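Me: I've never looked at this one before. Could you walk me through how to read a few of its features?

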Amino acid sequence: MINVALLSRWHVHADDYARNARDNENLSIQLVWDEDPARGKKWAEELGVPFEADLEKVLSNADIDAVIISTPTSLHKEVMIAAANHKKHIFSEKVLAFSVEDCEEIYQAVEANGVQLMLSLPRLTESYYLYAQEALNSGKLGKLTTIRCRFAHNGAVPNEGATSGWLPERFFSKEEAGGGALIDLGAHPIYLTNRLAGNAVAVQARLQQTNGHGVDDNAVVLVEYESGALGIIETSFVSNGSPFQLELYGTEGTVLYEDGKLRATGKHFEGWENPEAPKALPMPMVQWTEAILNGTTPSITKDDAIRLTAVNEAAARSQEEGKRIELN
């Protein structure tokens, strides 16, 4: 059994992670800490576990094996390095950190202390991604030329009679979140496109502030890859009814995925086909648990985490400087 402490209910997925931990027979929630003590105490009461206001006491507790982090992104580096130095395994909401430099410092602590760090990038476990990767690797698409991926919702669209949408106001704090739609929801199109297209070499972005929150609520990023492929990444907090879309275009074929429907066509297909996708991989928390207990190698990697931050960091610079940014 892996005894875990939940660190913060800041992120909207914190309750999902608590539920996932409770549903996992190898995990046991023992403690709650939160940078907002009132929020943390309420959560601990709901879960029926103790609240501890002192993070150092949580991390130095010998009975705690691992932590699930849903703090503001601005606290990730500090909390993760402290957790690693106390030999605690780490599961965290994306993104890992605001800069590649900070990501590398986190991994230095993780690797020095021999703990498992898992970043929640769940769409890398989905069957449609696995099929797209298989189609690329097998040559069914020929040379990849373009990927478009869109993930959007209406979280910043004001509800009737209200001034805000269903996303909490803290999601629009540049200090805490590091940005808006792109750094949060846009993470999914970024890490999927990165994994499918390879190494990014340049980024040009437009981060739009539709509702004047001070951070982007609608964004489009054009990514150039070393392979010559172009990635078109779209995300939004102000889009009602927008389906999740993943599109791959190559010299010999096309794969389209939208709202649960997978289609493929091209030189190696009989017109438009509805191919059978591979079985999905275990979700990130399950992979993390197996890595801790059995030493297995997760499919979600350090490279995925760092390259996600690299594109986000370059996109922010592109917006600020109004130009194309080359990645080192």
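This is a predicted model: local features need pLDDT of at least 70, side-chain atom pairs count only at pLDDT 80 or more; totals for chains, interfaces and linings use all residues.

Me: How do I read aromatic pairs, and how many aromatic pairs does a search of the whole structure find?

Reply: A pair of aromatic rings is described by the distance of the centres and the angle of the planes. Rings of Phe, Tyr and Trp (its six-membered ring) pair if their centres lie within 6.5 Å; planes under 30 degrees apart are stacked, over 60 edge-to-face, and the rest tilted. The search turns up 8 pairs. In one of them, phenylalanine 91 and tryptophan 288 have ring centres 5.5 Å apart and planes at 55 degrees, so this pair is tilted. It links distant parts of the chain, 197 residues apart: phenylalanine 91 is in strand E4 (residues 89-92) and tryptophan 288 in helix H9 (residues 284-294). Helices (H or I, at least four residues) and strands (E, at least two) are DSSP runs, numbered from the N terminus.

Me: Are phenylalanine 91 and tryptophan 288 buried or exposed?

Reply: Both are buried. As for the rings of phenylalanine 172 and phenylalanine 237, their centres are 6.0 Å apart and their planes at 90 degrees, so that pair is edge-to-face. Ring pairs also join Tyr128, Phe151, Phe244 and Tyr257 into a cluster.

Me: What about a charge over a ring? Which ring does arginine 123 lie over?

Reply: The test is that NZ of Lys or CZ of Arg is within 6 Å of the ring centre and within 35 degrees of the ring normal. Arginine 123 lies over the face of phenylalanine 244, 4.4 Å from the ring centre. Likewise, the charged end of arginine 263 sits over the ring of tryptophan 272, at 4.4 Å from its centre.

Me: Last one: where does tyrosine 191 lie, and what does it touch?

Reply: Tyrosine 191 lies in helix H8 (residues 187-197), and at 1% relative accessibility it counts as buried. Contact means heavy atoms within 4.5 Å. Not counting residues up to four places away in sequence, tyrosine 191 touches Leu121, Pro122, Arg123, Leu124 and Leu308.

Key: Residues are numbered from 1 along each chain as its sequence is written. Side-chain values use heavy atoms; hydrogens and water are left out. Buried means under 20% relative accessible area, exposed over 50%, partly exposed in between (1.4 Å probe, protein chains only).
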